[in-house]
Amino acid sequence: MAEKITPRSEDYSKWYTDVVQQAELADYAPVRGCMVIRPYGYALWENIQAALDRRFKATGHVNAYFPLLIPYSFIRKEAEHVEGFAPQLAIVTIAGGETLDEPLVVRPTSETIIGHMYAQWVRSYRDLPLLINQWNSVVRWELRTRLFLRTAEFLWQEGHTAHATYDEAEAETRQMLDIYTDFAENDAAVPVIRGRKSESEKFAGALRSYSIEAMMGDQRALQAGTSHNLGDNFARAFNIQYLDRSNTLQYCWTTSWGLSTRFIGAIIMVHGDDQGLILPPKLAPFQAVIVPIYKNDEERSQVMGAVERIRTMLGEGVRLKVDDREGYTVGWKFNEWELRGVPLRLEIGPKDVAQGQVALARRDVPGREGRAFVPQEGLAARVNDLLADIQRSLFERAVAFRAAHTFYPKTYDEFRQAVENGFAWAWWCGDEACENRVKEDTKATTRCIPLDQPGGTGRCIVCGRPADEMAVFARAY
Ligand SMILES: [Zn+2]
């Protein structure tokens with residue numbers, strides 16, 4: 001039997017680590033803070049990549065690759081950028097046995113090197129917009145790390161675009177936020193709040209940052225993707241200029257946006273239960289697993305014959321795993337695939353072969369309630385319907401969970417209670433002093449100022465001054 005997973009109610013953080021390791025998503029690397037993504041975790045990431053890449057390309061973006069090493073002087077060119085990233089930089093000072101004239105930074109993000117290249121590639125308005133994405137890893141030397149959620153090196157995509165006008169850059173920033181929202185909700189079944197980050201929470205060097213924020217199973221928030229309008233800050237720092245239609249030199253307006261392997265942490269914590277992972281069918285490496293059941297060679301050949309027919313029936317439309325490993329009991333296999341979050345399990349034994357049926361068990365509905373015998377005839381349609389239903393119900397369940405832990409406090413006392421138990425929507429005057437007081441009193445931060453506001457005005461939950469926007473406050477990963 002596999003090791004036991006710590007129940008969520010006992011120790012949520014231990015539960016998370018147990019699931020990541022026992023489901024074989026990732027493991028610790030010899031360098032502290034680094035992570036090895038194992039094949040099952042990487043297959044999940046590949047599905048996330050494919051789902052995003054399709055959306056990026058459909059909106060006119062192309063992929064490229066920029067180098068890992070960046071001259072240290074580049075990072076210093078944008079004042080806020082260097083201030084924000086300096087504490088987390090890993091720097092190469094020796095290479096080829098020699099001390100380098102100029103140290104090289106292992107990229108923490110690529111605005112600077114891409115800005116440097118864009119300055120050479122953009123000449124006139126005809127070169128704009130420039131819409132490039134890259135799939136890569138970045139390094140941020142974090143002191144407190146957790147698998148997927150915060151690691152010294154992580155995988156992500158970073159999109160970088162340059163535009164002729166501020167309006168176009170803002171439209172791009174918002175478009176990418178909407179793409180992340182669409183991906184999170186429709187493919188990962190993770191409901192998110194789209195919003196603007198406060199001044200203190202925005203990206204170092206950005207004019208304005210937006211994020212999608214999701215509620216995890218322990219009611220804490222996780223920033224699941226970000227999109228930044230960089231204004232002309234990086235264009236001025238790197239001289240990204242173009243000649244407009246009247247032959248006047250203008251600065252470009254740039255954006256950047258990213259979503260990382262951190263998102264895997266969100267999928268684990270939004271859907272998982274005490275048995276382990278529950279993966280949304282659209283992203284699951286295996287959407288269904290067949291566990292054949294037999295006692296002897298004769299039964300084996302009957303059952304495996306039926307398994308082959310089912311495999312053909314389901315065809316390319318379903319990502320299918322047939323677990324025909326010898327030396328493991330059926331019960332062990334059931335546990336293993338439950339732990340690894342496969343949405344649908346098909347069981348087939350000699351009796352089922354004789355009756356032309358198969359048992360289907362849903363991962364999201366444990367026990368007898370989620371299990372049914374269905375005829376092999378018409379199985380493909382049945383499986384596809386069930387997968388769609390699981391996808392939908394995971395999303396609905398997550399929406400209901402978030403709603404049950406979302407509060408609209410009227411007083412500061414209520415507010416303090418609320419952030420202990422989930423998300424608090426509250427009027428906020430926009431003053432950083434109020435934000436800081438909340439952080440000191442409760443460890444909660446402003447997650448975002450939601451784009452979908454209730455309308456009207458109110459009084460700041462902290463200082464009582466008039467406020468025209470609500471913010472979502474929560475403790476966050
Ligand atoms: Zn205030």
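Reader: Is the crossing of α9 and α12 left-handed or right-handed?
Author: This is a predicted model, where local features need pLDDT of at least 70, side-chain atom pairs count only at pLDDT 80 or more, and totals for chains, interfaces and linings use all residues. Residues are numbered from 1 along each chain as its sequence is written, and side-chain values use heavy atoms, without hydrogens or water. A near helix turned anticlockwise from the far one by less than a right angle gives a left-handed crossing, clockwise a right-handed one. The crossing of α9 and α12 is right-handed.

Reader: Which residues of α12 make the contact with α9?
Author: Contact means heavy atoms within 4.5 Å. From α9 come I310, M313 and L314. From α12 come L379, A380 and V383.

Reader: What arrangement do the four donor atoms around the zinc ion have?
Author: Donors are N, O and S atoms within 2.8 Å of the metal (3.2 Å for Na, K and Ca). Here they are the SG atoms of C429, C434, C460 and C463, at 2.3 to 2.4 Å. Four donors pass one test if all angles lie between 85 and 135 degrees. The angles are 103 to 117 degrees, so the arrangement is tetrahedral.

Reader: How many residues apart in sequence are the parts that C434 and C463 tie together?
Author: The donor spacing is C-x4-C-x25-C-x2-C. C434 lies in helix α14, and C463 in the loop between β23 (458–459) and β24 (466–467). So the pair ties together parts whose separation in sequence, in residues, is 29.

Key. Four donors count as tetrahedral if all angles lie between 85 and 135 degrees; four count as square planar and six as octahedral if opposite donors are over 155 degrees apart and all others between 65 and 115; anything else is irregular. Helices (H or I, at least four residues) and strands (E, at least two) are DSSP runs, numbered from the N terminus.
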